[in-house]
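This briefing is intended to be read beside the sequence and the three-dimensional model. Please keep both in view while going through the points.

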Amino acid sequence: MTPEPEGRRDLTPASRLAELGIDLPPVVAPLAAYVPAVRAGNLVYTAGQLPIQDGELLSTGKVGAGVSVEQAKELARVCALNALAAVHSLVGIDSVTRVVKVVGFVASAPGFNGQPGVVNGASELFTEVFGEAGAHARSAVGVSELPRDAPVEVEVIVEVA
């Protein structure tokens, strides 16, 4: 992992987002009977987040057949932003002290095994926003189907102050 540049350690997650030119989106409304995020002690767990922007699913299909790895990586980044929005709505983004775990689900065409590269879209965002505290444990799982035929879904566990 690349060390943070000097003078960057004191930036809050909100100020890093602003510096990156990123606005957190509105929380995506649940598609079924669940809530976007739940706090248990000093951990916040998000529900799986789809690549929804402005109320619309950005893409459908399988990675490796119709959805490129590059597209899917960008979609995973959108999922991660939606997860951060859910965390922010519950506890505030600046209360996050560490990204603990990321789970990425990739709707995969037969024979596609590049799930880790796709989920890097989420992982890289967390490092950009939280620096060293964004380094996390992770699973990148290939699945045959996701809700609404989404190509990617991401869920996150963060530690909060």
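The points below cover a helix pair, a pocket, and a selection of individual residues.

The structure is a predicted model. Helices α1 and α3 pack with their axes 8 Å apart, and the largest pocket has a volume of about 210 Å³. Among the residues described, valine 44 counts as buried at 0% relative accessibility, whereas aspartate 54 counts as exposed at 76%.

**Packing of α1 and α3**

- Helix α1 spans residues 13-20 and helix α3 spans residues 115-130; the angle between them is about 110°.
- Angles of 65 to 115 degrees count as roughly perpendicular, and α1 and α3 are therefore roughly perpendicular to each other.
- On the α1 side the contact is made by Pro13, Arg16, Leu17 and Leu20, which meet Glu128, Val129 and Phe130 of α3.
- By class, the residues of this contact comprise 5 nonpolar, no polar and 2 charged.
- Threonine 127 is also a residue of helix α3, and with a relative accessible area of 33% threonine 127 is partly exposed.
- Threonine 127 and alanine 14 are 113 residues apart along the chain, and their C-alpha atoms are separated by 13 Å.

**The largest pocket**

- The lining of the largest pocket consists of Asp23, Pro25, Pro26, Val27, Val28, Ile52, Gln53, Asp54, Gly55, Val78, Leu81 and Asn82.
- Two elements, β3 and α2 (69-91), each give two or more residues to this lining.
- The most is given by α2, with 3 residues.
- The lining residues divide into 7 nonpolar, 3 polar and 2 charged.
- Asp54, one of the lining residues, is located in the loop between β3 (52-53) and β4.
- Aspartate 54 counts as exposed because its relative accessibility is 76%, and exposed means over 50%.
- The phi angle of aspartate 54 is near 55°, which is a positive value in a residue other than glycine.

**Glutamine 49, a buried loop residue**

- Glutamine 49 is placed in the loop between β2 and β3.
- Its relative accessibility of 4% is why glutamine 49 counts as buried.
- Contacts of glutamine 49 beyond four places in sequence are with Val28, Pro36, Cys79, Asn82, Ala83, Ala86, Val152, Glu153 and Val154.
- Val28 and Asn82, which are among these contacts, are also among the residues that line the largest pocket.
- Glutamine 49 and alanine 80 are separated by 31 residues in sequence and by 7.4 Å in space, C-alpha to C-alpha.

**Valine 44, a buried strand residue**

- Valine 44 belongs to strand β2, residues 43-46.
- With 0% relative accessibility, valine 44 counts as buried.
- Not counting residues up to four places away in sequence, valine 44 touches Ala37, Val38, Arg39, Val87, Leu90, Val91, Val156, Ile157, Val158 and Val160.

- Serine 59 is situated in the loop between β4 (56-57) and β5 (62-63).
- Buried means under 20% relative accessible area, so serine 59, at 18%, counts as buried.
- Outside four places in sequence, the residues touched by serine 59 are Val67, Leu75, Asp149, Ala150 and Pro151.
- Aspartate 149, one of these contacts, lies in the loop between β8 (137-143) and β9 (152-160).
- Aspartate 149 has a relative accessible area of 31% and is therefore partly exposed.
- Phi of aspartate 149 is near 65°, a positive value in a residue other than glycine.

**Valine 143**

- Valine 143 is part of strand β8.
- A relative accessible area of 21% makes valine 143 partly exposed, because buried means under 20%.
- Apart from neighbours within four places in sequence, valine 143 is in contact with Phe105, Val106, Ala107 and Ser108.
- Valine 143 and glutamate 128 are 15 residues apart along the chain, with their C-alpha atoms separated by 27 Å.

Key
Residues numbered from 1 in each chain as written. Predicted model: local features only at pLDDT ≥ 70, side-chain atom pairs only at ≥ 80, totals over all residues. Heavy atoms only, no water. Axes fitted to C-alpha atoms, helices over the stretch in contact; angles between N-to-C directions. Helix = DSSP H or I, 4+ residues; strand = E, 2+ residues; numbered from the N terminus. Parallel < 35°, antiparallel > 145°, perpendicular 65-115°, else oblique. Contact = heavy atoms within 4.5 Å. Nonpolar A, V, L, I, M, F, W, Y, C, P; charged D, E, K, R; others polar. Buried < 20%, exposed > 50% of the residue type's maximum accessible area, 1.4 Å probe, protein only. 1 Å grid on protein atoms, 1.4 Å probe; cavity = no way out; pocket = protein on both sides within 12 Å on 5 of 7 lines; lining within 4 Å. Points joined across faces, edges and corners; volume = space filled by probe spheres on them.
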